[in-house]
Amino acid sequence: MEKEDNQSKIKSATHLPINIALIGISFTIFIFISSVRPDVLTENFLLTIQLVLSIPLFMSSILARAKLRVMTKSKKVDEFGHLTFTIAYAFLINVVGILLVSLLSLQAGIIFFGANILLTLTYSVIMTLEEKSKLKERIIKDLFFILVLVLGGVLPIIGVY
């Protein structure tokens, strides 16, 4: 149990700056769109809701990761931090992909989403080769992440809804 808590604290130390950078990116994208092309926010509800929700989700992940540094029993907090991060990150990827399609082309968006999905799967293959016991966990986490990308990004850009 102590080893698991130490791993959570190490994860917290490495993930916290990433979360902080990504919340900054979310704010920046929101402010940029609001000032340059605010009509994008009113025209595309899915883009707007994902961008707006990414901010509190990243904030929740930041708070969970920060709390991990001082907690002795941290499995649930770690899971919560990971879940909120995954959703927020997927929303941010979806926002960028939808913007690519809106501002450039459908092909750019498809390439963007394809690269994100391919790199996620590649990362998981490498992780499971290093630590075979993580296979089930990686499959669940990756399927969830890819599902959010498909439902919130890929299907909307190809016009399913």
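## Helix α5

Which residues of α5 are buried? In this predicted model, they are G109, F113, N116, I117, T120, S124 and T128. An α-helix has 3.6 residues a turn, so residues three or four places apart point the same way.

What do those buried residues of α5 pack against? Their partners are α4 and α6. As for its length, α5 runs for 25 residues and covers 36 Å from first C-alpha to last, close to the 36 Å you'd expect at 1.5 Å a residue.

## The nonpolar core

Let's turn to the core. The largest nonpolar core counts 29 residues, and I29, I33, L47, L99 and L149 have the most contacts inside it. Two or more residues each come from α1, α2 (39–43), α3 (45–68), α4, α5 and α6. Helix α4 hands over the largest share, with 9 residues.

Take I33 as one of the residues with the most contacts in that core. Leaving aside residues up to four places away in sequence, I33 touches P38, V40, L41, L47, L51 and L99.

## The largest pocket

The largest pocket holds about 1300 Å³. It has 31 lining residues, and K11, H82, E137, R138 and K141 sit closest to its centre. Helices α1 (2–36), α4 (75–103), α5 (106–130) and α6 (135–157) each give two or more residues to the lining.

How does that lining divide into nonpolar, polar and charged residues? There are 11 nonpolar, 8 polar and 12 charged ones.

Conventions:
Residues are numbered from 1 along each chain as its sequence is written. This is a predicted model: local features need pLDDT of at least 70, side-chain atom pairs count only at pLDDT 80 or more; totals for chains, interfaces and linings use all residues. Side-chain values use heavy atoms; hydrogens and water are left out. On a 1 Å grid over the protein atoms alone, a cavity is a set of points where a 1.4 Å probe fits but cannot get out, and a pocket is an open set with protein on both sides within 12 Å along at least five of seven lines; lining residues have an atom within 4 Å of a point. Grid points are joined across faces, edges and corners, and a volume is the space filled by probe spheres set on the points. Helices (H or I, at least four residues) and strands (E, at least two) are DSSP runs, numbered from the N terminus. Ala, Val, Leu, Ile, Met, Phe, Trp, Tyr, Cys and Pro count as nonpolar, Asp, Glu, Lys and Arg as charged, and the others, Gly among them, as polar. The expected span of a helix is 1.5 Å times one less than its number of residues. Buried means under 20% relative accessible area, exposed over 50%, partly exposed in between (1.4 Å probe, protein chains only). Contact means heavy atoms within 4.5 Å. A nonpolar core is a set of buried Ala, Val, Leu, Ile, Met, Phe, Trp, Tyr and Cys residues joined through side-chain atoms within 4.5 Å.
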